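Hi everyone, thanks for coming. Let me walk you through a few spots that I would like you to look at with me.

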Amino acid sequence: MSIYNIPIEEFLTRVDTSPKGLGEAEAKRRLSKYGRNIIKKRKKKSPIVKFLQNMTNPFALLLLVGSILAFIGNHLSPREGMFGISIALFIVVIINASFTFYQEYKAERAMASFERMMPQKAEVLRDDKVEQILASHLVPGDVLLLKEGDKIPADARLIEVNNLKVNNASLTGESEPQLRSLRATHDNPLESRNLVFSGTIVESGSGKAVIYATGMDTELGKIANLTISTGTVETPIHKEIKKFTEFMSILAIIIGVVFFFIGYFLNQIFWVNLVFAIGIIVANVPEGLLPTITLTLSIASQKMAKRNALIKSIESVETLGSTTVICTDKTGTLTQNKMGVKNIFMNLKDIEPKKDVLRIQGMRKLVYGFILCNNSYLDKGDIIGDPTEGSLLSFSDKLMDYEYIRKKYERLLEIPFDSKRKKMNTINQFEHGKLAFIKGAPEVILNDCDKIMIDDKNLILRKEHIIEISKKQEEYSSRGDRVLAVAYKKVRGKDLEKESEMKNYTFLGLVSLFDPPREEVTNAVKKCKKAGIKIIVFSGDHPNTTKSIAKDLGIVSDNVRVITGDELKKMSKSELESALRSEVLFARSSPAEKIRVAELLQEMGEVVAVTGDGVNDAPALRKADIGVAMGKSGTDVAREAADMVLVDDNFASIVNAIEEGRTVWDNIKRFIRYILTSNIPEIIPFIAFVLLGIPLPLTVILILSIDLGTDMLPGIALGTEPTEEGTMSRPPRSRDERLLTWKMLARSYGLVGPIEALAGFIVYFSVLYNGGWRWGQQLAYNNPLYMTAVAGFFASIIICQIANILVCRTTRNPIYKTGLLKNKFVLLGILSEILITAFILYVPIGNRLFGTNPVPLSYLWLAIPFAIMIIIIDEIIKLAIRKNMITL
């Protein structure tokens, strides 16, 4: 038997203590044996180590090697600008590492939230004397003294109670205070009233309890350990960036090495080959990718915050966009969490809840049950406590002064509601004796009744009465109402608890309560269905209620399968997997069942978003691809464990966030399309330099000025592009869809890139030939003609990139539909390109820094037809996509 359901004397023997508490020497020995009463932390890495780890991704290592090679090249051949390149590449690595450094603390925040639940000091009995000690020094066997307002520091069994009520909201998410007693009341220790748990709060009364678990052995510690040990799921965007960086790094190394050896066999000077190899690497590596993606995700998270979705991990922004399944709670997320009394069934009649209902015979007694068998209260009209009980109180308060009733008829006993009993019992003192009330699930209440009150007369409860009541319950629940029953009886015995549990109550009536769906959820559900996203609802309500609400919102059809928590526990993995492939809802469910479903969905290849609000939801929120916590009703631990917090607890905000996440994915692909295109006009000059023996058309420092200068702000501007029409009309992207595709490479490397390179060569050779250069003639790096020619090549790329950013703004729609003024950041990006280019070409200090000379505008006009060509070709491709002639 467990420690909570054995006699107290046997329990004290098992933990080796007495009601007088431990001695100081024994307490010290146990502290040495069991350790301190704290939530243990995993050994932290130093900030320096974490920062250095962010410098070990393939891009960072490649750029570091390039920086070192450039530094060596500077020693081999000074005055070639290699030192500046070395410093620039190293700075890029530092910037990239800095942008990702702060994300390392995410897992620690969840642990810190658990720690904040731990009190600093506690009162105990040691050698039969009251002492106040540090909570961290508590040990199993200590006798803990509890009073109103205390935060309980360890798991303990009660040995004395005086009207003790405990709020377990921090552990279970249930806000209603729970009455404690000395006897075990449930097979589940979390619901047994003779136990108290670490991190919970004493609402009222007092008591003594003997500690049996401390630190990580407590229920709170187990959840904390599970939350931290539950492996976090690598986000899809992180996987894709990793694959993209590996591909581009390998490509850069291969091309660099190949052309280094080509130069070697062509008897090029070693340092020339080295410069060439570094140039190839720099040209292929999009140095601005990581900071630009980070900034793009940050901007998106700010946009989502305006739509009531706070993103804690910016990489989770994109994960939302690839979500295929949403596992959502019903109450408060799909509904308004504003219960209202809809119907009353009394005297075997339907009664509308109007102000004059007290005229109906027996109604006053039913309303007494609503008020007295109830733990919520009203504060200036606002419900404090359980929303269901609060709705009964709000209704009753319109009929009579509930506070006066509660003061007049003192409560003598309470047996609180729990998920096993499915009812709440109270006994109150009236003028002419004691009355007991019960409120709960109709089938449970009917089982406790042997009479029924009809027109203020107590009659024998017959089978036909039960059938009629059950039909009415079915009618109410099938339309989405939460249905409760209330009964009462006179108490004659002295053992109040025994009297309360006896099955001789008189049935008073049914009450149906309706929690209206949020108005915006219906449209949000339609969006999800159109977008190919499956919605699975989890609820603690009756299966009929869950089904009705889900059906009304358009989530499911009549043929949906509703699985209860008890049924789920009995299902095998294959049975559950089969159920999940069709329409399914989960009723009477718990957080533990939610994590089982989420894990299986992930094994089935789904990208899963999970909502939650209680401490017990924390492991599921961390295990999900995207954990979504409630901002209003959620516990601190749930919010810390989640990736996203809904400020308004609204399902529609999740769908808005998914739409934003899809936009982020599209915008990152637009950015990559944009920056990859300039790689070709950056690489081809080096190939021509080696194979054709011409002066190098584009220097390494100008390549860096494109990748880290002119391309940076336009790239970020693409990250702010608004959602393209039709984004939520396509299915979620496949897990197999890559950030970088062969079609994207074909567009950038095989079509647009070569056009930009051709424009550059046209301007480059025009400047050279008009300046008197002849084929085969070598030019010094500081020759004015050469400096003008490379400046012309550079400017041609920028002109074509301006056209490129305009066409990259959409994937399917024509350019004229985007509206140039709809994204002002694009205009600012283009302006930045023009200003940077003007500085490099026409400002003396820019000429000196970048090795350029001013280029006459007559040469730059030669690049404009190529820019127009890029726009025309891209529009033809988009037309073919819209006509379904080609796919993306």
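Let's start with a definition: a residue is buried under 20% relative accessible area, exposed over 50%, and partly exposed in between. Please keep in mind that this is a predicted model.

Now, find Arg 730, which sits in the loop that runs between α29 (712-719) and α30 (742-770). Is it buried, exposed or partly exposed? Its relative accessibility is 32%, so Arg 730 counts as partly exposed. And who are its partners? If we skip the neighbours within four places in sequence, Arg 730 touches Lys 530, Ala 531, Arg 662 and Asp 666. Take Ala 531: 199 residues separate it from Arg 730 in sequence, yet their C-alpha atoms are 5.2 Å apart in space.

Next, a pair of helices. Helix α28, residues 700-710, packs with helix α33, residues 824-842, at an angle of about 150 degrees, and their axes are 11 Å apart. Angles over 145 degrees count as roughly antiparallel, so that is how α28 and α33 run relative to each other. Their crossing is right-handed. On the α28 side we have Leu 702, Ser 705, Gly 709 and Thr 710, and they meet Glu 833, Ile 836, Thr 837 and Ile 840 of α33. Sorted by type, the residues of this contact are three nonpolar, four polar and one charged.

Last, the cysteines. Cys 327 has 0% relative accessibility, so it is buried. Cys 373 is buried too, with a relative accessible area of 0%.

Notes:
Residues are numbered from 1 along each chain as its sequence is written. This is a predicted model: local features need pLDDT of at least 70, side-chain atom pairs count only at pLDDT 80 or more; totals for chains, interfaces and linings use all residues. Side-chain values use heavy atoms; hydrogens and water are left out. Buried means under 20% relative accessible area, exposed over 50%, partly exposed in between (1.4 Å probe, protein chains only). Axes are lines fitted to C-alpha atoms, for helices over the stretch in contact, and angles run from 0 to 180 degrees between N-to-C directions. Helices (H or I, at least four residues) and strands (E, at least two) are DSSP runs, numbered from the N terminus. Angles under 35 degrees count as roughly parallel, over 145 as roughly antiparallel, 65 to 115 as roughly perpendicular and the rest as oblique. A crossing is left-handed if the near helix is turned anticlockwise from the far one by less than a right angle, and right-handed if clockwise. Contact means heavy atoms within 4.5 Å. Ala, Val, Leu, Ile, Met, Phe, Trp, Tyr, Cys and Pro count as nonpolar, Asp, Glu, Lys and Arg as charged, and the others, Gly among them, as polar.
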